[in-house]
Amino acid sequence: MPVILPLRPKHERAHLSMSWASHSNVVASLASMAIIRTMINTLTIQLRCIGCGKTFSEDEVRYYCADCGPRQGNLEVLYDLDTIKRSFNPESLKSNKEPSIWRYLPMLPLSGGFIQPIQIGGTPLYEFEDVGKDYGVKSLFIKDDGKNATASYKDRASAVVIIKAQEKGLPTVTCASTGNAASSMAGYAAATDLNSIIFVPASAPEAKVTQLLIYGSTVFAVDGSYDDAFDLCTEAATKFDWYNRSAGMNPYLVEGKKTGAWEIAEQMNWDVPDVVLVSVGDGSVISGVVKGFLEMHKMDFIPKVPKVIGVQAEHSAPLAKAFPQSTEDHVVLEDLTDAHTIADSIEVGFPRDGIKAIKYLKKVNGDFVVVTDDDILDAIKIMARSTGVFGEPAGAATFAGFVKLCEQGKLNANDRVALVISGNGLKDIAAARKAAQAEANQIPCSLEAVQKVMEKLS
Ligand SMILES: Cc1ncc(COP(=O)(O)O)c(C=O)c1O
Ligand SMILES: [Zn+2]
């Protein structure tokens, strides 16, 4: 029987989840993870500039290295992996009943308090061997992150950053977003006593804006692109001292985003796929996925790091263009002023974590593949009809990338390929209707009318 709690004022609810559920096995294991985290000690966490390599303590800097500036000077979070792996390893995870991203708490930059009882991560990984074989690879795996609390991969990052805001004692969080970062932030913030203030382009899909409104966020629908909304949000965050969760800007996002890689590896019993496809806008999700695999490899959880391939849309592909001419030390990136694609979540001309994404992908022999909007629409339909998984355009883009790589002969018959489906199809009904290319049969309520239609179809 579920326990139904009376509604309490928000300020009383901040720590409720931990005490309320502290009798369950799940929270017992969460508590023990928090103890491990505390033993490992947050002091072992450092922030390092991806540009000049300078390191900072957590208290020294909030967003990026002042010498290198945003993007060039975005920060990465470093842990003492040798110490962590003494108490956190495949064996310890076997006995951990926590079903969400918090099972990886020792690998997150949080002390373990403020966790709310809504499901973040722990999403299914399905294997479709036959579908994989149809396309000429050994097997196809689908990580369905549309199953998250607010129906996108972004929940993983928002939960971590909101808890970070609580640890820092900051009452207001803000972000600019193509839609999902915002809805995930609004959703998790709604379970806390924080205020959320959101900047989206006025063109954001209705479902995503509706999520913001129902969760009670203050929403600014900006007359401009996502990139314009981003700049406005940055200015407002500075002026009003709001904690900024915008992509690239906040170093803790990638930490939440790496948990998808941890889950894929653990769900495959650490026998990781050969290739993993991730759709790319700002480059933050893919940075997280690569970082997750790299950390697991350094800690001897996995025998190799998969090849990670970013998927970009044809008219929104600055990172795919930059990749071949860049190296791990020097990224040559030209921004786009008129990025456009049906996949609104990856419509980004000025990628805020793109330098980090390219640097990380160079470390793992990664690559990019570019797909058209028509490829994406086909992929929404074909994936839904062959697997039952319904992705929003940016989610299904990885399926489109997979098909394209198969057509280009870039995958091998022995490859086990995993696709990250980063958002649920119900997020963008207009695109899905376009993809379906079908209409309901409008009929009077009679068996005869049903028969007529069936005869036409046969
Ligand atoms: C569904 C979905 N897929 C992919 C992405 C791309 O992530 P990133 O911008 O970190 O590259 C986003 C970002 O909003 C998203 O919402
Ligand atoms: Zn720097």
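This is a predicted model: local features need pLDDT of at least 70, side-chain atom pairs count only at pLDDT 80 or more; totals for chains, interfaces and linings use all residues.
Guide: Let's go through the chain as a whole, then a helix, a ligand site and a sheet.

Visitor: OK. How many helices and strands does the chain have?
Guide: There are 19 helices and 13 strands in the chain. Its radius of gyration is 22 Å, close to the 23 Å that the globule rule gives for 458 residues, so the chain is as compact as a globular protein of that length.

Visitor: And what does the C-alpha trace span along its principal axes?
Guide: About 70 × 55 × 50 Å. As for burial, 52% of the 458 residues count as buried.

Visitor: What share of the contacts comes from residues 24 or more positions apart?
Guide: They make up 73% of the contacts with a separation of 6 or more.

Visitor: Switching to the ligand. Which residues are closest to ligand 1?
Guide: N180, G281, S284, S422 and G423 are the closest, out of 22 residues that surround ligand 1. Helices α8 (180-190), α13 and α17 (393-407) each supply at least two residues of that shell.

Visitor: Where does the largest share of the shell come from?
Guide: From α13, with 3 residues.

Visitor: Tell me about that helix, then. Is α13 enclosed or open, and why?
Guide: Largely enclosed by the rest of the structure, because 12 of its 15 residues are buried. Among the buried ones are S284, K291, F293 and E295.

Visitor: What about its length: what should α13 span?
Guide: At 1.5 Å a residue, helix α13 (residues 284-298) should span 21 Å, and its end C-alpha atoms are 21 Å apart, which agrees. Just after α13, D300 takes a positive phi of about 65 degrees.

Visitor: Now the sheet. What's the strand order in the open sheet with 4 strands?
Guide: The order is β8-β7-β6-β9, with parallel pairing. β8 and β9 (243-244) are at the edges with a single partner strand each, so one side of each has no neighbour in the sheet.

Visitor: How many bridges join β7 and β8?
Guide: Strand β7 (residues 195-201) pairs with strand β8 (residues 218-222) over 5 bridges, in the parallel sense. The bridge partner of P201 in β8 is V222.

Visitor: Which helix goes with β7 and β8 in a β-α-β unit?
Guide: That's α9 (residues 206-214), and the unit is right-handed.

Note on methods:
Residues are numbered from 1 along each chain as its sequence is written. Chains are lettered from A and ligands numbered from 1 in the order in which they are written. The expected span of a helix is 1.5 Å times one less than its number of residues. A residue is buried if 20 or more other C-beta atoms lie within 10 Å of its own, exposed if 12 or fewer, and partly exposed in between; C-beta atoms are placed from the backbone. The radius of gyration is taken over C-alpha atoms; the globule rule is 2.2 Å times the number of residues to the power 0.38. Two residues are in contact if their C-beta atoms, placed from the backbone, lie within 7 Å. Two strands pair if DSSP finds at least two bridges between them. A crossover is right-handed if, with the strands pointing away from the viewer, the path from the first strand over the helix to the second runs clockwise. A residue is near a molecule or strand if its C-beta atom, placed from the backbone, lies within 6 Å of it.
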